[in-house]
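Please read these points with the sequence and the 3D view open beside you, and look up each residue as it comes.

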Amino acid sequence: MPKKRFDFIVFDWDGTLMDSTATIVRSIQGAAKDLGLPVPKDAEAAHVIGLGLNEAIFRVFPNLDEKLLPRMIERYRYHYFMRDHELPLFPGVREMLTELTHEGYFLAVATGKSRVGLNRAMNSSQLLSVFDATRCADETFSKPHPAMLQELTRELGQEMHRTLMIGDTTHDLQMAVNAGAAGLAVEYGAHDAQMLQELAPVFSARNVPELHQWLMENA
C-alpha cells in the first residue's frame, strides 16, 4: 500500500465536528444583553469562534472594563450550557472518525473551548474514547499561536510535517501555518470560504461527506 501523507489528524471542535456556531453566537449576544453592552452582529460574534473565551470577549468588546470579564464569562456560559447538551455533531462526523480510527490515524482535538466545555461536549456526543489527545484554550496559548499543535505532536510523538489541522476558521488555519503543519478548511462553520482560501489550505470541504472522501483518498 502507498505511504500515507499524514499520520496525525487534528480537528477543531465547534463548527468543524459539532454544529454549535449559531449557539455560540447567540450566547455571546445574550451575555452582552444581560450586561447592557452593545449586542454584536452575527458576523462579529462568529468571527471570534475558535479563540479562547477571554480573547474572544475582548475582540468583540475591545473597550470592556476588565472588572466585567468574570461576569461576562459567567453570563456566556449560562447561555451556552443551557443549550450545549442539545447540540448535534454534523451529519457524517461519527462515521468519518470511525473510519479514520480504523485506518490507523492518530486523532486529536485542538479547540478554543475550555476543558470543562470540551469534556461536556465529548461526553454528550459519546466521543470521549475516539481521540488520542486533546488540547483546550484554557490549558495553553489560544489559536492562532502554534502551541496547541506543538504540544499535541510532542505528546503523541508525531511529526509536524505529517500533521493535518482541520478547522472552520482562519484561526485554525493560521495556527497550522504558524506550527508548520498542513491546514484543511471546512466551509460549513464560522468563517466564509473566501477568508479561508486566503490561507491556502490543502483542501476546502463544503460538507462532512466531502471532507470524509478527501481524507480517505488523499490523506
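**Notes on rings, cores and backbone**

1. The charged end of Arg120 sits over the ring of Phe81, at 4.2 Å from its centre, where "over" requires NZ of Lys or CZ of Arg to be within 6 Å of the ring centre and within 35 degrees of the ring normal. Arg75 likewise lies over the face of Tyr78, 4.4 Å from the ring centre.

2. Before going further, please note that this is a predicted model, in which local features need pLDDT of at least 70 and side-chain atom pairs count only at pLDDT 80 or more, while totals for chains, interfaces and linings use all residues. Residues are numbered from 1 along each chain as its sequence is written, and side-chain values use heavy atoms, with hydrogens and water left out.

3. There are 5 aromatic pairs, counted when ring centres of Phe, Tyr or Trp (its six-membered ring) lie within 6.5 Å, with planes under 30 degrees apart called stacked, over 60 edge-to-face and the rest tilted. Trp13 and Phe131 form an edge-to-face pair, because their ring centres are 6.5 Å apart and their planes stand at 65°. This pair links distant parts of the chain, 118 residues apart, with Trp13 in the loop between β1 (8–11) and α1 (21–34) and Phe131 in the loop between α6 and β3; helices (H or I, at least four residues) and strands (E, at least two) are DSSP runs, numbered from the N terminus. Both Trp13 and Phe131 are buried, where buried means under 20% relative accessible area, exposed over 50% and partly exposed in between (1.4 Å probe, protein chains only).

4. Tyr76 and Tyr80 are stacked, since their ring centres lie 5.9 Å apart with planes at 10°. Both belong to helix α4 (residues 69–81), 4 residues apart, which is about one turn of the helix, and both are buried. Ring pairs join Tyr76, Tyr80 and Phe81 into a cluster.

5. Which residues touch the most other members of the largest nonpolar core? Among them are Trp13, Phe61 and Phe131, in a core of 57 residues, a core being a set of buried Ala, Val, Leu, Ile, Met, Phe, Trp, Tyr and Cys residues joined through side-chain atoms within 4.5 Å. Apart from it lies another core of 16 residues, including Ala137 and Met175.

6. Two residues other than glycine deserve a check of the backbone. Gln126, in the loop between α6 (115–124) and β3, has a positive phi near 60°, and Ala200, in the loop between α9 (193–197) and β6 (204–205), has a positive phi of about 50°. Gln126 is exposed at 64% relative accessible area, and Ala200 is exposed at 63%.

7. Finally, the peptide bond from Lys143 to Pro144 is cis, with omega near 5°, and Pro144 is found in the loop between β3 (133–136) and α7 (147–156).
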